[in-house]
Amino acid sequence: VDKTLQEQRIEQMVQKCQSLCQAAGIRLWVNDHWRAAVKAGVFGVHLGQEDLVQCLEDGGLQQMQQRGMAFGISTHSFGELAVALGLKPSYISLGPIFATTSKK
């Protein structure tokens, strides 16, 4: 599936979910797909580190802030935590800081 078609499918799915959630009075959070989330006007977006970089480079954070959207950030180190604090997200998810044998 080419990237454009995949993005269109994601946008359609997010818009459909937003419509259903809005009708039910539920706040929708979208993981990673911030472009589709902004377009659909969802409540909030959770960003991992890779998506956060792309979002910042493309002006997505400003778009979310202008629309009053909430956003959360995953962190896995003290450095990532420091960057996240500077962005003033709605919440910060603290991932494992030390290596674990339970995830391979």
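**View 1. A four-stranded open sheet with parallel pairing.** In this predicted model, four strands form an open sheet in the order β1-β2-β3-β4, and their pairing is parallel. Helices (H or I, at least four residues) and strands (E, at least two) are DSSP runs, numbered from the N terminus, and two strands pair if DSSP finds at least two bridges between them. The edges belong to β1 (29-31) and β4 (91-94); each has a single partner strand, so one side of each is left without a neighbour in the sheet. On average, neighbouring strands of this sheet are turned by 20 degrees against each other, direction ignored. Axes here are lines fitted to C-alpha atoms, for helices over the stretch in contact, with angles running from 0 to 180 degrees between N-to-C directions.

A word on how to read these views: residues are numbered from 1 along each chain as its sequence is written, and side-chain values use heavy atoms, with hydrogens and water left out. As the model is predicted, local features need pLDDT of at least 70 and side-chain atom pairs count only at pLDDT 80 or more, while totals for chains, interfaces and linings use all residues.

View 2. Three bridges join β1 to strand β2 (residues 44-47) in the parallel sense. Look for Val30, whose bridge partner in β2 is Val45. Helix α5 (residues 78-87) packs on the sheet, where α5 touches β3 (70-75) and β4. The direction of α5 makes about 170 degrees with that of β3. Contact means heavy atoms within 4.5 Å.

View 3. His46 sits in strand β2. At 14% relative accessibility, His46 counts as buried; buried means under 20% relative accessible area, exposed over 50%, and partly exposed in between (1.4 Å probe, protein chains only). Leaving aside neighbours within four places in sequence, the contacts of His46 are Trp29, Val30, Asn31, Asp32, Gly72, Ile73, Ser74, Tyr91 and Ser93.

**View 4. The ring cluster of Trp29, Phe43 and Tyr91.** Ring pairs link these three residues, Trp29, Phe43 and Tyr91, into a cluster. Rings of Phe, Tyr and Trp (its six-membered ring) pair if their centres lie within 6.5 Å; planes under 30 degrees apart count as stacked, over 60 as edge-to-face and the rest as tilted. The structure holds two aromatic pairs. For Trp29 and Phe43, the ring centres are 5.6 Å apart and the planes stand at 70 degrees, so the pair is edge-to-face. Phe43 belongs to the loop between α2 (34-40) and β2, 14 residues apart from Trp29 in strand β1. Trp29 is partly exposed at 34% relative accessibility, and Phe43 is partly exposed at 29%. The rings of Trp29 and Tyr91 have centres 5.5 Å apart and planes at 65 degrees, so this pair is edge-to-face. With Trp29 in strand β1 and Tyr91 in strand β4, the pair ties together parts that are 62 residues apart in sequence.

**View 5. Cysteines without a disulfide.** A search of the whole structure finds zero disulfides, a disulfide being a pair of cysteine sulfur atoms within 2.5 Å. The closest cysteine sulfur to that of Cys21 is in Cys17, 6.3 Å away, too far for a bond. Cys55 is in no disulfide, and its nearest cysteine sulfur, that of Cys17, is 20 Å away. Cys21 is buried, with a relative accessible area of 15%, and Cys55 counts as buried at 1% relative accessibility.
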